[in-house]
Amino acid sequence: MRAVIVAAAVAFIISLFGTPVAIRVFTALKAGQPIRSVGPASHQGKKGTPTMGGVAFIVATVLAYVAGHIALTTLPTEQIAQVQPTMTALVLLGLFVFCGAVGFLDDFLKVRKRNSSGLSAKGKLLGQILVGGGLGVAALYVPSTNLQTVASEHISFIRDISFLDVGKVGSVLVFVFVIMSMSNGVNLTDGLDGLATGASILVLGAYSLIGFWQYRHWCGDDTYAKTASYCYEVRDPLEVALIAAAAAGACVGFLWWNTSPARIFMGDTGALGLGGLIGGLAMATRTTLLSIIIGGLFVIITMSVVIQIISFKTTGKRVFRMSPLQHHFELAGWSEVNIVVRFWIVAGICTAIGLGLFYSDFLAVMG
């Protein structure tokens, strides 16, 4: 627990004091956010606000991970089952950094072209496929000493579903799909000051709790596994908890500057990075289908876009005034702050339901 707290605190401090530096740097570089002319008129006032702020909390998370491991080395080795950096950390931080890099390229092109087009949709998807595929192979083909891989060959809900074995190749494809879905879901949620940041904090906090709970009831801990009636067959759950907590802390520090009126935007750099990390956390904790509930706000907003596209192409009519869903409520007259806070409430409810299902399953198995 000490390492998890240290990582979260260090990430928060670095992000809180590092984000103003990013604001000054990106402002000096004239890396202002281009605003779509077809968007809500109120957004035109945000033109020129520095973007690519995701760099701040990605860097903060990586540095905090190192600090967390320094804290681990101060403990007696018999008190902890994981000390050295692991393949789990490589996969999760790799998703955060490299999905963020795809987003950074998109943001850079937007700034350079001075319009909102950026990287093409095909180019963005290709980047996500390459990152997800490469790290998916690492997650499925590199076992640890307890013979567990970072991801599983089974489709999972709260744990692996035994009869849904899709094999290694199939699981890599699932891995890529989850990463793409979650990264695009967070990206679609971004668009109002603090909305995606706050929702991500809730989801990352939930995964920190799940990871730590799995660590305390882990099959890789021989002392616990020999006496317990049930344990979690996952790999490196303490790493999951530490990285999720660090990312959550970094996002809290970033939110100080990203809340309305935002001094900086996370951009696709932050949104794609956060989505990639959250998708990786779902795969690593064997909660792939549960992530649909935990990240319910991202799913709802993504579905609003899907529904809008299908309706318009099949009937010529729009279901919403504008998609993603948050812009529908803007055009309906809701203030930006009201939308953000109410959507945070929805995100909190989804997260609470997901955690409740996770814990209820543990009680059912233990009972």
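The residues lining the second largest pocket comprise 14 nonpolar, six polar and no charged ones, where Ala, Val, Leu, Ile, Met, Phe, Trp, Tyr, Cys and Pro count as nonpolar, Asp, Glu, Lys and Arg as charged, and the others, Gly among them, as polar. The model is a predicted one, in which local features need pLDDT of at least 70 and side-chain atom pairs count only at pLDDT 80 or more, while totals for chains, interfaces and linings use all residues. Residues are numbered from 1 along each chain as its sequence is written, and side-chain values use heavy atoms, with hydrogens and water left out.

Rolling a probe the size of a water molecule over the atoms shows where empty space is left. On a 1 Å grid over the protein atoms alone, a pocket is an open set of points with protein on both sides within 12 Å along at least five of seven lines, a cavity is a set where a 1.4 Å probe fits but cannot get out, and lining residues have an atom within 4 Å of a point. Grid points are joined across faces, edges and corners, and a volume is the space filled by probe spheres set on the points.

The second largest pocket has a volume of about 510 Å³, and of the 20 residues that line this pocket, Phe177, Val178, Met180, Ser181 and Met182 lie nearest its centre. At least two lining residues come from each of helix H5 (167-189), helix H10 (291-294) and helix H11 (296-315), helices being DSSP runs of H or I with at least four residues and strands runs of E with at least two, both numbered from the N terminus. The most is given by H5, with eight residues.

Met180 is also one of the contacts of Gln128, a residue of helix H4 (residues 121-141); leaving aside neighbours within four places in sequence, Gln128 is in contact (heavy atoms within 4.5 Å) with Val102, Met180, Ser183, Asn184 and Leu272. Gln128 counts as buried because its relative accessibility is 2%, the term buried standing for under 20% relative accessible area, exposed for over 50% and partly exposed for values in between, with a 1.4 Å probe and protein chains only.

The count of cavities of 30 Å³ or more comes to one, and the largest cavity holds about 50 Å³ of space. Its lining consists of Ser152, His154, Ile155, Ser156, Ser171, Val174, Met283, Arg286 and Thr288, which by class are three nonpolar, five polar and one charged.

With 3% relative accessibility, Arg286 counts as buried. Asp236, in the loop between helix H7 (222-225) and H8, likewise has a positive phi, near 55°, and at 7% relative accessibility Asp236 counts as buried. Most residues other than glycine have a negative phi, and most peptide bonds are trans. The peptide bond from Ser260 to Pro261, however, is cis, with omega near -10°, and Pro261 lies in the loop between helix H8 (237-258) and helix H9 (267-284). Another cis peptide bond runs from Ser323 to Pro324, with omega near 0°, and Pro324 is in the loop between H11 and H12.

Turning to the rings, the structure holds twelve aromatic pairs, in which rings of Phe, Tyr and Trp (its six-membered ring) have centres within 6.5 Å, and planes under 30 degrees apart count as stacked, over 60 as edge-to-face and the rest as tilted. One of them, between Phe212 and Tyr215, is tilted, at 6.2 Å centre to centre and 45° between the planes. Both residues lie in helix H6 (residues 195-216), three residues apart, about one turn of the helix, and both Phe212 and Tyr215 are buried. Phe329 and Phe343 form an edge-to-face pair, at 5.9 Å centre to centre and 85° between the planes; this pair links distant parts of the chain, with Phe329 in helix H12 (residues 325-331) and Phe343 in helix H13 (residues 336-366), 14 residues apart. Ring pairs also link Trp213, Tyr230, Tyr232, Phe358, Tyr359 and Phe362 into a cluster.
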